[in-house]
Amino acid sequence: MWRSRARALLLLRSSIPRSHAPPPPHPVRTLTRVPPSRPLSRFLSSAPDPLPDASSTDPLPDASSSPAATDSPVDATEAGEDNLSSMWEDAGDADEIFASSSGGDAVADEEEVDRVRGVVESASEDQIASSLANMVVDFNEPLLAAVLLAAEQCSCKKLILLFKYAAKNNPAATSLSNLEILVSKIADSDEIGKMDAYMLWDLVKEVGTVPGSVSTPLLNEMIAIFWKLEKSKAALEVFAMFDEFGCTPDSDSYYLVIEAARKKSLFRSACEVCEKMIAAGCFPNGEKVGKTLTFLCEGKKVKQAHSLYLAAKEKKIQIPRSALDFLIGALARNDETIGTAVELLEEYQGESLKNAGKSFATVIHALCRRNKVEDANNLLAKMVLLEEYQGESLKNSGNAFATVIHGLCRKKKLEDAKTLLMRMVNLGPAPGKAVFNFVITALSKEGELEGAKGLMRLMESQGLTPDIYTYSVLMSGYTKGGMVDEAHALLREAKKIHQKLNRVMYHILVRGYCKIEEFEKAIECLKEMKKDGLLPNVDEYNKLIQTLCLKAMDWRTAEKLLDEMEDSGLCLKGISRSLITAVKELEEEEMQSKASLEA
């Protein structure tokens, strides 16, 4: 296989005709006869013979005495092209072409190639130079190319040492094509190590001192090698050497070095490369640009990512929708670039709008986070009016609606929140418990208890069961308004739906009854709490004892509650204990004073 590859390479290089000075123009140009094809071996020779003169190959009688008879009717370049065409028509595969070749320098001797390859493969790395020196081999370009291609059992270091020895033996052997073969073969190796890569890079820099001896594809291979080895700084060094080698980075150069920078999260270096790529207007395909956008956003370089997106869009490069989603999300998370995220939502057109719900929701959530609830509400209204957004996309936009409703409730714009909630109920997407609870909570805090209770009934009509939080919020609103019995009725209703309640609901009732000084009902709540399997904690006892002492002056009931606490393993705060003692002493003093007055 290697012989065919080597021969094909040499055939391509040797078959390119060399330019010759055109013959002097003649006033009369007479087509006599096309020169015969040159022998095949001449096309493979490193120094082709001059084309035979037309007069020596069966000249026409009427042209023998004319000066035109000594001039070729077709110039040297045209003759070379005709001969090349004849060669491809008459010859078979590469093996047949080289079998008929007699050019010594253009073709590597197979036996010589096998001999050198065997020595390189069998010798140890530190004996490569001495083993080759003992062979007394004269390296030329074809021989080195053939050995590099044939050496399948050589380590990367051996190949580099072979190339270095050949360069010392014959500098002409280290051509650009041979260096490309070496770099490509090492890049494809699974056994390459970092020392091999650095050794190869030193060789490339050494060869690169000669102008034209290094190419852009070769440097791209070097960047790919360091990317593979996760040597990001070395890849950046290769990229920085393009100008010094007289090479121009292409789209692969920019993409490879950015991917290499990704390995070590070198975001600043990646941004610098992106700036150069944008300035050059040389971009890889849309998928690769999308990966670069995502990488920059991960490093919070959202402004640079946005610049890259705009530049690629100007070049009509199609960016994947997933990359656009990621960019909008990153812009929305940055307070300085939320406006840019809103503008980029315009990029969704047609079919892409059907999957844009997540991006819209992200921007809406960001606007609400910055208390720009009106802008979020306007964006939501605009979104639901888009015809392309109808159907499944609208059904999946519940998070966006919930976010806006929550923001409106926090801003106490309850009418707008109720309107948007009713829009969800009537047109969709169907609201969940959380959305109802947002509005019910806001209405309860503002004392609009009938409206809040009405929403709970609407919630039930939508097939949603009010949870304990819903009942607790409503009970809290009723107790703040002094309607503790209504709150207690909600507790009994909740018992029918939920098997187990939480202590918060009982705590609300105890505090509510203490507030309106209905202490017996408060004590009944504690008993009911125990009956339902919940033990009152220190807060419930403490609130009730303090209220009994300060408002009812009932130290006896307070003392019973204290004994009940101690039996339950709870410890009352010292200030509350002192309060019971103080009320008791105060009552005794009052009784003594009254008795003395009566006496």
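# Salt bridges, helix packing and backbone features

The side chains of Glu518 and Lys521 form a salt bridge with an N to O distance of 3.1 Å (a side-chain nitrogen of Lys or Arg within 4 Å of a carboxyl oxygen of Asp or Glu). The structure is a predicted model, in which local features need pLDDT of at least 70 and side-chain atom pairs count only at pLDDT 80 or more, while totals for chains, interfaces and linings use all residues. Residues are numbered from 1 along each chain as its sequence is written, and side-chain values use heavy atoms, with hydrogens and water left out.

**Overall architecture**

- The chain contains 32 helices and zero strands (DSSP runs numbered from the N terminus: H or I of at least four residues for helices, E of at least two for strands).
- Of the chain's 599 residues, 44% count as buried (under 20% relative accessible area; exposed is over 50% and partly exposed lies in between, with a 1.4 Å probe and protein chains only).
- Contacts (heavy atoms within 4.5 Å) also reach across the sequence: of those between residues at least 6 apart, 66% join residues at least 24 apart.

**Salt bridges**

- The number of salt bridges comes to 27.
- In the pair Glu518 and Lys521, Glu518 is partly exposed, at 29% relative accessibility, and Lys521 is likewise partly exposed, at 35%.
- A network is also present: Glu259, Arg262, Lys291 and Glu298 are joined into one by salt bridges that share partners.
- Asp202 and Lys205 form a salt bridge through their side chains, at 3.6 Å from N to O.
- Both Asp202 and Lys205 belong to helix α10 (residues 194-207), where they stand three residues apart, about one turn of the helix.
- The relative accessible area of Asp202 is 43%, which makes this residue partly exposed; Lys205, with 25%, is also partly exposed.
- A further salt bridge pairs the side chains of Lys288 and Asp252, with an N to O distance of 3.9 Å.
- Lys288 is partly exposed, having a relative accessible area of 24%, and Asp252 is partly exposed at 34%.

**Packing of α9 against α10**

- Helix α9 (residues 176-187) packs with α10 at an angle of about 165°, and the two axes are 12 Å apart (axes are lines fitted to C-alpha atoms, for helices over the stretch in contact, and angles run from 0 to 180 degrees between N-to-C directions).
- Helices α9 and α10 are therefore roughly antiparallel to each other (over 145 degrees; under 35 is roughly parallel, 65 to 115 roughly perpendicular and the rest oblique).
- On the α9 side, the contact is made by Leu179, Leu182, Val183 and Ile186; on the α10 side, it is made by Leu200, Leu203, Val204 and Val207.
- By class, this contact of α9 with α10 has eight nonpolar residues, no polar residues and no charged residues (nonpolar: Ala, Val, Leu, Ile, Met, Phe, Trp, Tyr, Cys and Pro; charged: Asp, Glu, Lys and Arg; polar: the others, Gly among them).

**Packing of α30 against α31**

- Helix α30 (residues 538-552) and helix α31 (residues 555-567) pack with their axes 9 Å apart, at an angle of about 165°.
- These two helices, α30 and α31, are therefore roughly antiparallel to each other.
- From α30, Val538, Tyr541, Leu544, Ile545, Leu548 and Cys549 meet Thr557, Ala558, Leu561, Leu562, Glu564 and Met565 of α31.
- The classes in the contact of α30 with α31 are ten nonpolar, one polar and one charged.

**Backbone features in loops**

- Gly428 and Pro429 are joined by a cis peptide bond, with omega about -5°.
- Pro429 sits in the loop between α23 (414-427) and α24 (433-445).
- Lys300 is not a glycine, yet has a positive phi of about 60°.
- Lys300 is placed in the loop between α15 and α16 (302-314) and is exposed, with a relative accessible area of 72%.
- Glu517, a residue other than glycine, also has a positive phi, near 65°.
- Glu517 lies in the loop between α28 (503-515) and α29 (519-531) and counts as partly exposed, at 46% relative accessibility.
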